[in-house]
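These are my notebook entries on one structure, set down in the order in which I looked things up. The sequence and the model come just below.

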Amino acid sequence: MCSYTDFPRSEGSSEQQYFSLVTLGIEKPIVCHGSGVSQEAAHNDAAFNALEMLSKLAHSSKTANSAV
């Protein structure tokens, strides 16, 4: 399961930014942030960051298991 939480866009700078969190509902939930010039771009950035984190977790899990 995957869900997004969107936050109000920032208007204080010269470039408007959208912010979003993605939550991956797995055994141990993972939450990652993202930002972009549109809500869709913020979602894509958050999803990309979550995939990177999953990749790192899988790699660290393999390393830990091979040390046993």
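**Entry 1: T23 and its strand**

I began with T23, which lies in strand β2. For strands and helices I rely on DSSP runs, with helices being H or I of at least four residues and strands being E of at least two, numbered from the N terminus. I note that this is a predicted model, in which local features need pLDDT of at least 70 and side-chain atom pairs count only at pLDDT 80 or more, while totals for chains, interfaces and linings use all residues. Residues are numbered from 1 along each chain as its sequence is written, and side-chain values use heavy atoms, with hydrogens and water left out.

I looked up the exposure of T23 and found it partly exposed, at a relative accessible area of 24%. The terms I use are buried for under 20% relative accessible area, exposed for over 50%, and partly exposed in between, with a 1.4 Å probe and protein chains only. Setting aside residues up to four places away in sequence, T23 touches M1, C2, S3, I30 and V31; a contact means heavy atoms within 4.5 Å. T23 and S3 are 20 residues apart along the chain, and their C-alpha atoms are separated by 5.3 Å.

**Entry 2: the overall layout**

I then read the elements along the sequence and recorded the pattern β-β-β-α. The secondary structure comes to 1 helix and 3 strands. Of the 68 residues in the protein, 19% are buried. Among contacts between residues at least 6 apart in sequence, I recorded that 18% join residues at least 24 apart.

**Entry 3: Y4 and H43**

I next placed Y4 in strand β1, residues 2-10, and H43 in helix α1. Which residues does Y4 touch, beyond those up to four places away in sequence? They are S20, L21, V22, H43, A46 and A47. H43, counted in the same way, touches Y4, D6 and S20. The C-alpha atoms of Y4 and H43 are separated by 7.3 Å, although the two residues are 39 apart along the chain. Is H43 buried or exposed? H43 counts as buried because its relative accessible area is 18%. Y4 has 33% relative accessibility and therefore counts as partly exposed.

**Entry 4: the core**

I looked for the largest nonpolar core and found 6 residues in it: V22, L24, I30, C32, A46 and A50. Such a core is a set of buried Ala, Val, Leu, Ile, Met, Phe, Trp, Tyr and Cys residues joined through side-chain atoms within 4.5 Å. The elements that give two or more residues to this core are β2 (17-24), β3 (30-36) and α1. I also checked A50, which is in contact with V22, L24 and C32 when its neighbours within four places in sequence are left aside.

**Entry 5: cysteines**

C32 has a relative accessible area of 6%, so I list C32 as buried. C2, at 44% relative accessibility, counts as partly exposed. How many disulfides does a search of the whole structure find? The search finds 0, a disulfide being a pair of cysteine sulfur atoms within 2.5 Å.

**Entry 6: the surface**

I recorded that the protein exposes about 5000 Å², of which carbon and sulfur atoms supply 58%. Accessible areas come from the Shrake-Rupley method with a 1.4 Å probe; for residues, only the protein chains shown count as cover.

P29 is found in the loop between β2 and β3. I list P29 as exposed because its relative accessible area is 58%. P29 and M1 are 28 residues apart in sequence and 9.7 Å apart in space, C-alpha to C-alpha.

L54 is partly exposed, with a relative accessible area of 31%.
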